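This briefing covers aromatic rings and pockets in one protein structure. Look at the sequence and the structure first, then read the points below.

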Amino acid sequence: MVGQQRQLQRLRSVILHLFVFGFALIMIYPMAWMLSSSLKDNSEIFINAHQLLPSHFNFNNYINGFKGFAGTSFIVFFKNSLIITLFSVIGTVISSTMVAYGFARIRFRGSRFWFACMMLTMMLPSEVLTIPQYIFFQKIDWINTFLPLIVPSFFGGAFFIFLIIQFLRGIPKELDESATIDGCGRYRIFMQILIPLLVPPIITVSIFKFYWTWDDFFSPLLYLNSPKLATVSLAIKNMSDPTAQTDWGAMFAMSVLSLLPIVAVFIAFQKYIVEGISTTGLKG
């Protein structure tokens, strides 16, 4: 009887591992296909699309991809994306942390009302704000600059604020009271006591904001008209020309390179993602 139970457990374990392995292959296959296509000749990419291994490796696709388009190197597009992403992450972390501290630790008139208003913005589709925001940025002459893509980040994000609030609610308020007795003001309590404890959610916010900003295509398409200001996602799209012959190999090569920062950030900080989300969900 015990032997049958062990065999049944082993069988379940084998089935589970096979299922996970098969699911992982399905998830990885598009990236593997893109990597393979970046090393194929243009004539082979769609003819032998089912083959992951190229007939011969064509590394010239990466050289041609770095040439960019409209006389602008792809290095410029990477620099543009990096500038927008880094400043957006910095602005989101600073503003969201400060607002979350205000809601979680400071009691003021109408705090519940404003917190409810903030939570309601999470249910508001971003498409509803597109036209009013574009008109506003056009009136202040911010179109075709990085400002519409960076400045809104310095006003926080409802999802990130809520995430940090949940973590703050799990930190005992006795720490604040003890610091107040020792003569600390709100600024010192926030900077010297709470910020070190908020490292996991801050890193989680930074990672998610990095992902969403780096991958963003619609906003740069809407606000950036000059090819020299294009981001990586917009530049890859512009490499596809329906009126002429598209260099698909170079396009796939730059698509592969555009994933490297995301993969690097995930590998470096994946433990903080799990820690930040799990602790935020358990506390509060």
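The charged end of Arg169 sits over the ring of Phe115, 5.5 Å from the ring centre. A charge sits over a ring if NZ of Lys or CZ of Arg is within 6 Å of the ring centre and within 35 degrees of the ring normal. This is a predicted model, in which local features need pLDDT of at least 70 and side-chain atom pairs count only at pLDDT 80 or more, while totals for chains, interfaces and linings use all residues. Residues are numbered from 1 along each chain as its sequence is written, and side-chain values use heavy atoms, with hydrogens and water left out.

**Second largest pocket**
- Phe115 and Arg169 are among the residues that line the second largest pocket, which holds about 200 Å³ of space.
- A pocket is an open set of points on a 1 Å grid over the protein atoms alone, where a 1.4 Å probe fits, with protein on both sides within 12 Å along at least five of seven lines; lining residues have an atom within 4 Å of a point.
- A volume is the space filled by probe spheres set on the points, which are joined across faces, edges and corners.
- The lining of this pocket divides into 5 nonpolar, 1 polar and 5 charged residues.
- Ala, Val, Leu, Ile, Met, Phe, Trp, Tyr, Cys and Pro count as nonpolar, Asp, Glu, Lys and Arg as charged, and the others, Gly among them, as polar.

**Largest pocket**
- About 1,400 Å³ of space lies in the largest pocket.
- It is lined by 43 residues, and those closest to its centre are Leu129, Gln133, Pro152, Gly156 and Lys209.
- Its lining has 25 nonpolar, 15 polar and 3 charged residues.

**Aromatic pairs**
- The whole structure has 21 aromatic pairs, meaning rings of Phe, Tyr and Trp (its six-membered ring) with centres within 6.5 Å; planes under 30 degrees apart count as stacked, over 60 as edge-to-face and the rest as tilted.
- Phe19 and Phe23 are stacked, because their ring centres are 6.5 Å apart and their planes are at 15°.
- Trp248 and Phe252 are tilted, because their ring centres are 6.5 Å apart and their planes are at 35°.
- Phe74, Phe77, Phe78, Phe210 and Trp214 are linked into a cluster by ring pairs.

**Exposure of the paired rings**
- Phe19 is exposed, at 59% relative accessibility (buried is under 20% relative accessible area, exposed over 50%, partly exposed in between, with a 1.4 Å probe and protein chains only).
- Trp248 is partly exposed at 29%, whereas Phe252 is buried at 13%.
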